Amino acid sequence: MDVEHEGFSSPRGAEPPPFTGAARPGEPGAGLGDVADRILVARAAEGDDDAFAVLVHRHSGRLLALAFHMLGNVPDAEEAVQDAFLSAWRRLPQFRGDAAFRTWMYRIVTNRCLNVRRAQTPSLALDAVAEPAAHDAGGEPARAAESTAATAALAQALTHLRPGQRACWILRELHGLPYGEIAQVVGESEQTVRGRLFRARRTLMKEMASWR
Amino acid sequence: MALEDPRATSPPDEVPTPHRDTDPARLVGDERLPCGRLVSHVWEQARAGSHRPDPHTADCTYCRQATEGLTVLDATTRTLRAQRPSARTVADRVVSAVRAEARLGRMLPLDDPTQELRIAEATVAKALRRAADRVPGVRAASCRLTPGEAGTHVTITMTLAVTLDQPLPGRATQVRRAVADASAREIGLAVSGIDLHIESELEPLTSVGPTSRNGTGP
């Protein structure tokens with residue numbers, strides 16, 4: 001298992017194909033799919049767009065998932081991820097590699113999402129994504145429908161959290177990031193992260209208590 | 001990894017032990033229930049389920065209330081985690097935008113008697129990295145080009161990641177040859193020196209063979 005993808009696989013195979021970062025055969029960047037991020041970052045920092053393309057394909061899945069769960073709809077999430085990557089491309093020559101590329105990108109996307117000013121509560125377009133419910137509830141339609149409804153309720157409950165809490169909860173519970181990395185991503189102490197996680201979990205449990 | 005664990009969302013370092021209850025960094029904001037138990041402790045116990053039966057929690061109203069919603073939250077979290085929009089569109093869009101916004105670097109002199117032809121540093125670096133990549137077990141990282149004072153020659157400084165399954169000097173010779181060859185034949189660059197720095201080990205987990213880009217494709 002590629003370490004780069006650790007912590008972002010879903011249980012029971014309900015997942016889209018893994019992001020290998022490999023370019024499609026014949027494309028520029030073919031042969032770089034197995035290369036570590038830091039080598040690709042060194043190349044991309046010097047203007048190698050093929051290397052950057054591999055990084056984009058490797059990380060866009062998890063970053064889009066992050067933005068989607070932060071913002072609640074696909075178009076806004078795509079815009080946030082696109083802006084984040086373009087900003088990274090421009091800033092790469094100054095990237096000193098203190099943090100891993102993955103952490104750096106998580107940070108840029110999280111900041112974008114926190115800065116998206118929204119006049120109204122985020123709209124939920126959960127039907128816009130492939131529905132994984134077929135893998136749930138052992139194939140019983142009624143239970144699958146209930147599970148779908150509960151998932152929508154959780155997504156809705158997420159939007160009621162304070163943005164900082166929401167970010168910490170998503171990074172921990174949906175992306176499996178360690179506390180230290182979450183602290184780097186959100187720019188807070190590990191203590192603050194743990195506090196936010198506790199409060200987020202409590203609130204979400206209360207909101208989900210009616211779903212049994 | 002914790003995510004694959006049926007106990008779902010409990011991080012591995014939160015397994016409750018009496019000593020760790022006093023660790024202030026563990027769960028900031030944690031609350032003690034009227035029965036004396038910490039909320040985080042009760043959560044962990046509930047997730048551990050029948051592996052750690054506890055006569056107290058079975059009968060305690062406070063503990064039961066504190067875990068209401070935990071099971072459904074954990075199960076729903078797993079479903080939510082699997083909800084991932086396809087990133088293909090946005091990735092393709094980003095790559096097109098990046099290619100349109102090329103960072104070319106400075107212009108370097110070509111080995112041309114008229115001394116009028118120039119080529120972008122990024123273009124040369126890309127071609128030279130590709131040449132190094134074609135040596136089995138080698139991937140180029142940085143590739144910098146420094147023009148000499150005379151004007152027509154450049155020095156190439158390259159960092160490499162290599163697999164450690166062959167003696168390095170021989171490997172370096174191969175890379176040097178590949179890079180010199182590409183400079184002369186593919187680009188037409190006069191090279192005054194090639195400095196190679198082997199910076200990291202390349203994991204030989206997959207067959208790190210030469211990249212096949214030139215002429216072998218359909």
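**Notebook: chain A, helix by helix**

I began with contacts: in chain A, residues 24 or more positions apart account for 63% of the contacts with a separation of 6 or more. I count two residues as in contact if their C-beta atoms, placed from the backbone, lie within 7 Å.

This is a predicted model, where local features need pLDDT of at least 70, side-chain atom pairs count only at pLDDT 80 or more, and totals for chains, interfaces and linings use all residues. Residues are numbered from 1 along each chain as its sequence is written, while chains are lettered from A and ligands numbered from 1 in the order written.

Next I looked up the elements. Chain A has eight helices and zero strands. Helices (H or I, at least four residues) and strands (E, at least two) are DSSP runs, numbered from the N terminus.

I then checked burial. Of the 212 residues in chain A, 48% are buried. Buried means 20 or more other C-beta atoms within 10 Å of the residue's own, exposed 12 or fewer, partly exposed in between, with C-beta atoms placed from the backbone.

Helix 2 got a closer look. Helix 2 of chain A is largely enclosed by the rest of the structure, because 23 of its 23 residues are buried. Helix 2 spans residues 49–71, yet its end C-alpha atoms are only 29 Å apart. A straight helix would reach 33 Å at 1.5 Å a residue, taking 1.5 Å times one less than the number of residues. I found a kink of about 45° centred on Ser60(A). That bend is the angle between axes fitted to the seven residues ending there and the seven starting there. Gly72(A) follows helix 2, with a positive phi near 85°.
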